[in-house]
Structure formats: C-alpha cells, structure tokens
Amino acid sequence: MEEKGVEDDVVKRLDCERDPNQKNRQRFGGVGGVLSIEQFFEDQEVPSWRKQLTFRAFFVSFWLSILFSVIVMKLNLTTGIIPSLNVSAGLLGFFFVKSWTKFLERSGFLRQPFTRQENTVIQTCVVASSGIAFSGGFGSYLFGMSERIAHKSSGSKDFKDPSLGWMIGFLFVVSFLGLFSVVPLRKIMVIDFKLTYPSGTATAHLINSFHTPRGAALAKKQVKMLGRFFSVSFLWGFFQWFFMTADGCGFAHFPTFGLKAYANKFYFDFSATYIGVGMICPHIINVSVLVGGIISWGIMWPLIEEKKGQWYSEKLSSDDLSGLEGYKVFIAIAIILGDGLYNFFKVLTRTLSGLLHQLRHKRDTEELSSENSSRSELSYDDERRKQLFLKDQIPIWLAIGGYVVIAAVSINTLPHIFTQLKWYYILVIYIFAPVLAFCNAYGCGLTDWSLASTYGKLAIFTIGAWAGPLHGGVVAGLSACGVLMNIVSTASDLMQDFKTGYLTLASPRSMFVSQVVGTTMGCIISPCVFWLFYKAFDDLGLPTGEYTAPNAVLFRNMAVLGVEGVSSLPKNCMTLCYVFFATSILINLIKDLIPKKWARFIPLPMAMAIPFYIGPYFTIDMSLGSLILFVWQKLNKTKADAFGPAVASGLICGDGIWTLPSSILALAGVKAPICMKFLSSSNNAKVDKFLSSSI
C-alpha cells in the first residue's frame with residue numbers, strides 16, 4: 001500500500017506542475033489555487049553557487065561519467081542508437097550522494113546537507129562528460145578517419161589513425177567553444193522566450209520530486225530495482241562470455257528463426273543492453289527500426305543479390321562498395337540525408353518564425369504582463385526562479401573573450417593535428433558557428449531535437465568539397481564535422497542545463513562551471529574508453545566483429561561522396577538512392593500534414609535507415625523491450641511509468657559495465673574456454689563424418 005501511495009503521489013505531483021488546471025494542485029499548496037512547487041522548499045536555504053559545487057558532487061560525477069561513457073561508447077560502436085540516460089544519471093547521483101550524507105549524518109560529521117541544486121550539478125556534469133563520448137565522434141567521424149575504416153571505402157588513401165594524444169588534444173580545443181557561444185543568450189532563451197526545453201524540464205521535475213519526502217521514498221525503490229536488474233544483466237554478460245572463444249560463437253549468434261534467417265541477420269542475440277534500449281525508446285522508434293530491417297534485409301538485399309552478375313560483378317568480395325555493400329551503405333546514407341535535410345529546414349523554419357514572433361510581439365507581451373501584474377503572480381515559483389536565475393550573472397566579456405581565445409588557440413592547433421584542415425577552413429566555421437549554435441539551441445528548446453549531427457554532415461560536404469580530393473578532402477571534411485558538431489551539441493546541452501537549473505534554483509554559474517568540469521572530464525575519459533576498445537578488440541569496425549561501428553563507415557562514405565562523386569557506385573545504386581531520398585522526405589511531409597492521432601503510427605525514416613547497413617538483429621531485442629514495457633503499462637501503468645526507466649537503465653548499465661572486464665581480459669589475451677556454434681546441416685554432416693571416422 002505504501003509503495004502505491006508513493007508512486008501515485010509523485011505522478012500526480014509532476015502532472016499537476018505541468019497542468020495549471022489540475023484541481024488537485026491545492027492539495028500541494030499554492031497561491032490562488034496555482035501550485036507553487038517552491039513552497040515545498042521555502043524552508044530550505046538555497047546555497048550560494050560556490051556551495052553548490054561540492055567535492056562529493058564532482059567525485060560522484062567522475063565515477064558516474066566513467067560508467068556512462070562506457071555505456072555510450074558501446075552503443076556508439078554497435079548500432080549508434082543512444083537513448084536518453086538522464087533519468088539514470090539523476091537517479092544514481094541522488095542515490096550515491098544521499099547514501100554518503102546519511103552515513104556522515106549518523107557519524108556526526110555532516111556539514112552540508114544534500115540539496116536539489118547539488119543534485120542538478122551532478123546531473124549536468126555527468127551528462128556533459130558522457131555526451132563527449134557521442135559528440136567526440138568515436139563511433140562516427142573520428143573513427144571514420146582511420147585506415148581500418150578507409151579500407152572499407154573507395155577513398156582509402158586519405159586517413160588518420162587514432163592516437164590517444166591527438167584525440168585528447170583535439171577534444172580540448174573544440175569542445176568548449178559551444179559553451180561560450182550561447183552564454184549571453186541564457187536570459188533571452190529561458191526567461192524572455194520561455195522556451196520549454198522538454199528534456200531539461202523533465203529532468204528538473206525528476207530532481208525536484210527526489211527531494212520531497214515521498215519522492216525520496218520512490219527514488220529509493222527505483223534504485224533498488226535498477227540495482228537488481230544491473231546485477232542480472234552483468235551476470236548474464238559474464239555467463240555469455242564463457243561460450244565466446246571466437247567470432248560467431250555464443251548466444252549472441254543463436255539462429256533463433258533458422259539458419260536462413262540468421263544469414264540475413266534476423267536473430268535474437270540475447271543482448272540485455274538493447275532490450276533496455278527498447279524499453280526507454282518510444283514504441284514508434286522500435287517499430288521503425290524493425291520495419292527498416294524487414295524492408296532491407298528481408299526484401300531488398302535478397303532481391304539485389306539475385307542481380308549479381310548483372311548489376312555488379314560476381315567476383316567482388318562481400319564488403320566491396322562496388323557490389324552489394326555499396327547499395328547497403330549509400331541507400332542508408334540517402335535516407336539519413338533526406339530525413340536530416342527535411343528536419344533541418346523544418347526546425348530552422350520553426351526557429352526563425354518563432355524568433356520573429358517573439359521579437360515582434362515582445363512589446364505587446366510586456367504591456368499585457370504589466371496590465372495583469374496583479375494576476376500574474378502566476379506564480380510564486382516564477383518570481384523566485386527568475387530572481388535567483390538573474391542573481392548570479394556570467395559576465396558577457398568572459399563569454400566573448402573565452403570564445404575568441406579558444407578559437408584562436410584552436411585555429412593555430414588543429415592544422416597541426418590534421419594537416420588537411422587548413423586554418424582558413426576553421427576560421428570560416430568559427431565565424432558561422434555562434435549563429436548555428438544559437439539556431440540549434442533555440443530549435444532544441446522548441447522541439448527537444450538537437451540537429452548536431454546534421455550540422456556536422458553539412459560541414460563534411462562543404463569543407464570536403466572545398467578541400468577536394470587532391471588535398472585530403474575526406475579527412476578535412478570529417479575533422480570539420482567534428483569541430484562544428486561539438487560546438488552546436490555543447491551549446492544546446494548547456495541551454496538545457498540552464499533550463500534545469502532555472503527550475504531547481506541552481507545558479508547559472510554553478511551550471512556553467514559544472515558543464516565545464518564535465519566537459520573536461522569527458523575530454524579525457526571518452527578517448528581513454530575508446531582507446532581501451534580499440535586496443536582490446538582487433539576486429540573493431542569490421543563487419544565480422546562485435547563492434548562494427550556502422551556510423552564510422554557511413555560518415556566516411558558521406559565524405560567520399562562529397563569529395564569524389566558517385567562514379568564508382570554499382571548499377572542503379574544512385575537511382576535507388578534518389579528514390580529513397582525522396583521517399584524519406586515524403587514520409588516526413590505526410591507525418592507532419594496528417595492529424596497527430598494517425599501520424600504517430602508512421603515510422604521514422606532516420607530510425608528505419610539504421611538496420612539498412614548493420615542488419616536487423618538488434619531490432620529484435622529492441623522490439624522485445626518495447627513489448628515488455630507495453631504489456632507492463634497495460635497491466636499497471638503507474639508502476640510501469642515509475643519503474644520502467646529504472647529496469648531499462650539496470651539492463652543497459654549492467655551489460656555496459658561488463659564490457660570493461662571483458663576488454664581487460666581481451667587485452668591480457670585471456671580467451672573464453674568454450675565456443676558454442678550453430679552449424680548448417682551440411683557442416684553438421686561433415687562433423688558427424690569426421691567423428692565417426694575418428695572412432
């Protein structure tokens with residue numbers, strides 16, 4: 001009974017903060033019938049921005065950053081699908097520091113209680129750090145420069161192999177510019193324009209709920225659930241390892257639907273990670289990747305393979321881009337570019353129209369708000385939040401000066417790291433970067449959609465074409481992608497954090513410092529984690545390995561396409577690319593034009609494109625996770641909503657952390673003792689014949 005009461009209370013509390021018309025707002029207190037969440041905390045002193053930045057917060061953030069960097073890296077190098085891990089970061093941060101402070105309190109050594117502002121600092125630091133594992137391009141543009149990936153594409157002479165030193169240096173000179181580019185706009189974005197930043201707002205609601213008595217009780221139960229499934233997932237990964245002596249061995253290669261389906265990558269690979277990902281991702285994402293897998297590997301590739309000898313030479317190897325591999329790679333790229341281009345113009349249009357509307361009606365809004373100032377106590381919340389948000393200013397001179405200094409250092413440093421990337425390419429990027437960072441941050445506030453990778457792809461084509469094939473256009477385009485992608489990604493992340501801080505009364509200064517510290521951690525942790533994968537797994541990036549790094553192949557071939565053109569592609573490949581590019585745009589257009597109740601059933605082209613290249617095996621896991629959550633919601637929606645993210649996070653974290661010991665074992669040359677392999681009937685007959693002759 002207590003558990004149900006806790007869940008119901010927290011769900012109602014969060015619902016009524018979002019809905020000003022909820023009758024049960026008065027149950028939680030307020031002025032004029034309007035809930036004031038800050039009244040829950042009015043007896044708690046808001047610590048100064050310096051006191052929000054505690055040693056224990058950064059200590060916990062460091063270890064959580066390692067945990068989430070490993071998880072994001074694994075996802076990056078397998079499928080590239082990375083769900084939001086904000087709930088996990090907030091929950092684990094709350095649990096560890098709460099346990100720390102409880103222990104100190106019982107010992108009589110507690111000097112400063114754990115506050116929601118400190119919780120927000122941890123959340124910001126961890127997300128900033130683990131975000132570098134994505135924006136750093138270890139599964140996309142950065143690894144795409146390597147010789148290993150270059151041999152899988154036509155532009156194989158233009159490459160730069162990973163090295164721990166230059167990767168850390170590169171990240172340090174490009175990852176901080178985005179932070180300084182949007183700092184002066186925080187008041188305009190958060191207070192004047194009142195942008196929602198859905199992820200930042202949801203994170204703030206989560207943190208606020210943790211620090212209420214009942215919310216803390218629910219958080220404790222969620223952590224227990226997360227820990228339980230973390231243990232199950234970790235032990236399952238450990239158990240599977242015993243049967244994986246070589247490639248193709250173990251449960252991960254179980255021919256669930258038969259050997260013919262297995263040959264076309266339709267099988268269940270017993271991955272706890274992707275079952276968890278399926279539970280976190282919206283149902284439509286899971287349906288989309290499954291539909292994409294069926295269309296490509298179930299229908300298209302078998303049909304194109306029958307054209308061997310007509311559309312492409314029979315003598316080509318399976319990974320030659322002039323053969324079947326070319327269709328897989330470039331049709332996937334066509335869908336991604338079509339979807340990305342459509343959404344880029346869609347978000348840009350909404351950004352410009354929204355900005356124009358805000359500027360045009362700002363004066364009218366100010367007049368209206370002054371006339372209704374008596375009623376616009378809208379809330380005690382807004383007044384208190386605004387007062388504290390504007391209290392600790394970040395000087396504009398610091399933002400502008402920081403941007404100029406880091407840009408100057410970067411312009412001088414990057415050409416030494418990438419000789420193909422000339423200083424004037426970087427200068428042009430940095431001139432336009434603040435505008436693009438603003439557009440991405442504003443669009444993210446409206447739609448919760450960061451287009452960082454889309455901006456990166458634009459840089460690949462523009463800088464790659466500018467450099468040309470004779471001057472290292474492929475590496476120039478990929479490195480330019482990294483520069484721009486890091487700027488626009490960190491800019492939107494920081495603005496999300498400012499929104500979270502605004503709603504939890506965390507100081508903008510503590511948010512900025514936390515983001516800087518988290519980014520610094522990420523610039524060191526993420527390259528080290530990638531280096532561990534790179535050294536431990538010799539087949540990293542190869543189609544036969546566990547970590548195929550599909551986005552690295554796709555990003556590199558986009559660069560090759562932009563620099564060298566399409567002359568080497570197999571017959572009818574470009575025709576099919578045009579068809580799928582147009583289809584991708586058309587699906588998005590239909591989705592936006594029809595009523596929402598029907599639009600939610602239309603698959604997303606970007607998600608459909610992912611299995612086109614890597615295969616549909618992971619979609620079975622994700623669909624199973626989605627089905628588990630769907631059934632759970634039908635049986636008990638309150639409990640599923642409260643504990644579903646914790647279960648999913650436990651599955652992802654446990655399997656992700658097992659990657660660390662498995663990597664260390666691989667580095668040490670320790671192999672699993674057993675190879676469990678499933679053979680075709682002809683191979684089984686050969687084994688039987690051999691065994692009978694031996695006897």
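Predicted model: local features only at pLDDT ≥ 70, side-chain atom pairs only at ≥ 80, totals over all residues.
Residues are numbered from 1 along each chain as its sequence is written, and side-chain values use heavy atoms, with hydrogens and water left out. Local features need pLDDT of at least 70 and side-chain atom pairs count only at pLDDT 80 or more, whereas totals for chains, interfaces and linings use all residues.

A search of the whole structure gave 1 disulfide, defined as a pair of cysteine sulfur atoms within 2.5 Å. The disulfide is formed by Cys 249 and Cys 675, whose sulfur atoms lie 1.9 Å apart. This pair links distant parts of the chain, 426 residues apart. Cys 249 is in the loop between α12 (213-241) and α13 (259-263), and Cys 675 is in the loop between α29 (637-667) and α30 (681-694). Helices (H or I, at least four residues) and strands (E, at least two) are DSSP runs, numbered from the N terminus. The torsion about the S-S bond of Cys 249 and Cys 675 is about -70°, so the disulfide is left-handed.

Relative accessible area was used to class residues as buried (under 20%), exposed (over 50%) or partly exposed (in between), with a 1.4 Å probe and protein chains only. Cys 249 is buried at 2%, while Cys 675 is partly exposed at 38%. Cys 281 is buried at 10%, and Cys 528 is partly exposed at 36%.

Asn 286 is located in helix α15 (residues 283-305) and is buried, with 1% relative accessibility. Leaving aside neighbours within four places in sequence, Asn 286 is in contact (heavy atoms within 4.5 Å) with residues including Cys 281, Gly 278 and Met 622.
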